[in-house]
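Dear colleague,

Please find the structure below, handed over for your review. My notes on it follow.

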There are 2 protein chains.
Amino acid sequence: NDIKVETKKVDVNDPYANEPVRHPALVVANHKPFNAETPPTLLVDHFRTPNEFFFVRNHLPVPDVDVSKHHLQVEGLGVKRPLNLSVDELKNSFAPVHITSAIQCSGNRRANMNAYKKVQGLMWKETAISNAKWTGVRLRDLLIHSGVDPNDKQIKHVHLEGADKDPTGGQNYGASIPFEKAMSPETIVAYKMNDEDIPRDHGAPLRLIVPGVVGARQVKWLKAIRLSDVESPSHWQQKDYRVFSASVNAGDELKWETVPSIQEYPIQSAFCIPQPGAAVSRSEETIDVAGYAWSGGGRGIIRVEISTDGGKTWQTADIEQDPQQDQEHMWSWTLFKASVKIPEGVDQMELVVKATDRSYNTQPETSAGIWNIRGLLNNAWHKVEVKIKD
Amino acid sequence: NDIKVETKKVDVNDPYANEPVRHPALVVANHKPFNAETPPTLLVDHFRTPNEFFFVRNHLPVPDVDVSKHHLQVEGLGVKRPLNLSVDELKNSFAPVHITSAIQCSGNRRANMNAYKKVQGLMWKETAISNAKWTGVRLRDLLIHSGVDPNDKQIKHVHLEGADKDPTGGQNYGASIPFEKAMSPETIVAYKMNDEDIPRDHGAPLRLIVPGVVGARQVKWLKAIRLSDVESPSHWQQKDYRVFSASVNAGDELKWETVPSIQEYPIQSAFCIPQPGAAVSRSEETIDVAGYAWSGGGRGIIRVEISTDGGKTWQTADIEQDPQQDQEHMWSWTLFKASVKIPEGVDQMELVVKATDRSYNTQPETSAGIWNIRGLLNNAWHKVEVKIKD
Ligand SMILES: [Mo]
Ligand SMILES: [Mo]
């Protein structure tokens, strides 16, 4: 189902001439490279986001990989037997595993942070996050097969390289994860997404799934895995996806080496319903709200709460979670729902949501303590204004 | 150095008649059972808190354990060869390991939360936390020696029992930790604290050290370890050390089974210097501040920041960390220091501190989202008012 884009005139010099067809309902944040959110009302309709609605975060043109010719290399520090596996060899040589895991862009909710104080980057709203069932093979099985000693103290990081290539400079997308996370049983090289072959926009034929970690490390169109004592030298590992202090402002020198690369995500939650500016009749007495919560590192969501008085009092929302995952290994997101009473005598109300995870981390009230020039990892309380009509 | 308390008349019916002598500088929160904080200025003087100044959190009278007769039992689900080890056997049969690890009471900073809205419990200020070097043997080594299969999926929790006993009901102190944490290499049965035999107040002769986890699970006077499919039935596991929603108020029914037991601590930081109400001369132009930061789960502190304008702007503090630990396995606390400019034209200033951990979790601004009736796990921004004298 990867139909070529039909255009009247294809500019053969446009590196984006061969992009996949996308569902027209996607909310586009950028065309080239393509970046789009899931429509919020569709997002909370499904515990596992259908593939065509899964948010898309591309850094470069989508490569058109021939699955019959694609190979995955495993090499580098501590690898005794380098691997060069076809997709069929990968599928047939290692035990398949299934895991439902959310992926969230580190720029999700950047527009909320920008409203607090201007930041730089794609203005993602609240739905640069989705949840899917992934099928693949354990990265640890591949590494052990290549002769890696799980207790090798020299190996610190695992580099990942995608088949997507910068059309101006020729660099492929790259990232790395800690060796310990690479050896953890939840980290898989996936070849199926919601029981279908992974679509082109999501990494066909192979995507690394690193549950509990930010999207940028879950490399799509995966073609090489390299073990090392240092992090990936890739632009996206070294000069992006790091969160500066609030004291670093526009125009200041960015000392990337002084801040760690993002790996695990902090606790997050947001409303998908209602949308800002929605209007509700006072006669309905209550308003239905819905959204998602998630935290990095497998830390399960233990509660989601909603306030209509700016955080003085809270109502606990009903939640839906993956029954196969426990609170210490909760890779999947949590969906929430509540029916919230409309306060008397007001023309508008502010809905606030915040979640708590298994380590009792919670979200900050505003962006005051987390604001950063690149607008990354905004997880302040999500607030939505609703009009009350008589 | 465990000298008997000298009193004029010892009431032999008083279960607290045989308590150890304590350093007079400790700030006592309660006498029976004994609970005391480290004086704040002493706390930041030492990266490893000296034993006599280490905060004390006892639930019951301090047992007087004869080290030559004491035995540690290992038994329960999946144990093929139950153990009953003397302290000497423990020391001589397993490899010794050293780890510097902070212990924080889940009630630390309760008084700050109580100032937001009244809570129930001992009114700990900011220094129910300390950091020490522990020496002992890996719990995983003991468990494997007892025949436990590390991949046994039936074993979910490890119960810990102390020699301290409730003088009214006869129940010993107990708690449990997840099996996965028990098998983690940082979890040790310690017999030394800062290179000395563990003092009576801190668990002589054996204390379980569970780095990254709340103090209540790091059982002192450890006498039994029992593997199980469920959590410890102990009062302190089941009916205490769980954090209710802010919607649960004084007088409400406490449905303990609906909230998870505390294990990992959320991100925390606080000032030790200055103390609230301190006065500083305007002519000094700057004020020196110092304190600690720490996060559960081994998540290292990546920055500590200080504000004098309520969080609009931030200054990064200098930090001291354990050079032997990395940001993914940071069990030790972080000490911070800064010299902060005194603002012009004000009679008083409010200092604010907040920290960020490796997963980019931060502290909430106030107790609004974390208030709970038992006043546990308060990690709101710590604020201290200082007077400026002309
Ligand atoms: Mo991202
Ligand atoms: Mo505690």
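How many residues of chain A are in contact with residues of chain B? In this predicted model, 40 residues of chain A are in contact with 40 residues of chain B. In chain A, A:Tyr360, A:Asn361 and A:Glu365 lose the most area to chain B, and together they account for 19% of what that side buries. The area buried between the two chains is about 3,100 Å², and carbon and sulfur atoms give 43% of that area.

As to polar interactions, 25 residue pairs are in polar contact between chain A and chain B, with both residues at pLDDT 80 or more. On the side of chain A that touches chain B, strand 17 (residues 301–307) of chain A gives the most, with three residues. The residues of that side divide into 18 nonpolar, 13 polar and nine charged.

I also looked at one strand within chain B. Seven of the nine residues of strand 16 (residues 286–294) of chain B are buried, so this strand is largely enclosed by the rest of the structure. Strand 16 of chain B pairs with strand 20 (residues 334–341) of chain B in the antiparallel sense, over eight bridges. In that pairing, B:Ala290 stands opposite B:Lys337 of strand 20. Strand 14 (residues 268–273) of chain B also runs antiparallel to strand 16 of chain B, and five bridges join the two. Here B:Ser269 has B:Ala293, in strand 16 of chain B, as its bridge partner.

With kind regards

Conventions. Residues numbered from 1 in each chain as written. Chains lettered and ligands numbered in written order. Predicted model: local features only at pLDDT ≥ 70, side-chain atom pairs only at ≥ 80, totals over all residues. Heavy atoms only, no water. Contact = heavy atoms within 4.5 Å. Buried area = accessible area lost by both parts, 1.4 Å probe. Polar contact = N/O pair within 3.5 Å; in protein donor to acceptor, adjacent residues only side chain to side chain. Helix = DSSP H or I, 4+ residues; strand = E, 2+ residues; numbered from the N terminus. Nonpolar A, V, L, I, M, F, W, Y, C, P; charged D, E, K, R; others polar. Buried < 20%, exposed > 50% of the residue type's maximum accessible area, 1.4 Å probe, protein only. Pairing = 2+ DSSP bridges.
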